[in-house]
Amino acid sequence: MNKILGLDVGDVWIGVAISDALLITAQPLVTIKRESNKIAYDKIHDIIIENNVDKVVVGLPKNMNNTIGPQSEKVIKFAEKLKNKFKIEVIYIDERMTSLMAEQVLIQGSVRRENRKKYIDKIAATYILQSYLDSRN
């Protein structure tokens, strides 16, 4: 069975989450440092191959008034190249609240502020993927 990947694409970090085989739950997988786009694409491609992924859900950081700003345009550019490069389906999902939700989880879990950065992107990616999985059921 094919899995689905969730991505929280930032300028410096890309949070990655993966679905279970039944496409019910999302788990945080890894955070990729965006040293270069080539390295980032290669790492994502490895994950796609290893996990038999056929669909990628990408969080779109829309403005609060639901418009697409410069950050969303960067994310779309990155995701479209991913789609064309690896011939994979890309789905965009509104991610406006995911980073805030991820931060709350870490605060509630008593994770120290200086350590939160390490986890926040992959937890945000998990929320992005989970909201997509929930919307399918």
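**Close-up views of a predicted model**

**View 1. Helices H1 and H2 are oblique to each other.** This follows because angles under 35 degrees count as roughly parallel, over 145 as roughly antiparallel, 65 to 115 as roughly perpendicular and the rest as oblique, and the axes of H1 (residues 37-50) and H2 (residues 70-86) cross at roughly 55 degrees, coming within 11 Å. Axes are lines fitted to C-alpha atoms, for helices over the stretch in contact, with angles running from 0 to 180 degrees between N-to-C directions; helices (H or I, at least four residues) and strands (E, at least two) are DSSP runs numbered from the N terminus. The model is predicted, so local features need pLDDT of at least 70 and side-chain atom pairs count only at pLDDT 80 or more, while totals for chains, interfaces and linings use all residues. Residues are numbered from 1 along each chain as its sequence is written, and side-chain values use heavy atoms, leaving out hydrogens and water.

**View 2. Five strands form an open sheet with mixed pairing.** The strand order is E3-E2-E1-E4-E5, where two strands pair if DSSP finds at least two bridges between them. Strands E3 (26-33) and E5 (89-94) stand at the edges, each with a single partner strand, so one side of each has no neighbour in the sheet.

**View 3. Strands E4 and E5 run parallel and are joined by six bridges.** Within this pairing, Val56 stands opposite Val90 in E5. H1 packs on the sheet, touching E1 (3-9), E2 (13-19), E3 and E4, where contact means heavy atoms within 4.5 Å. H2 also packs on the sheet, touching E1, E2, E4 and E5.
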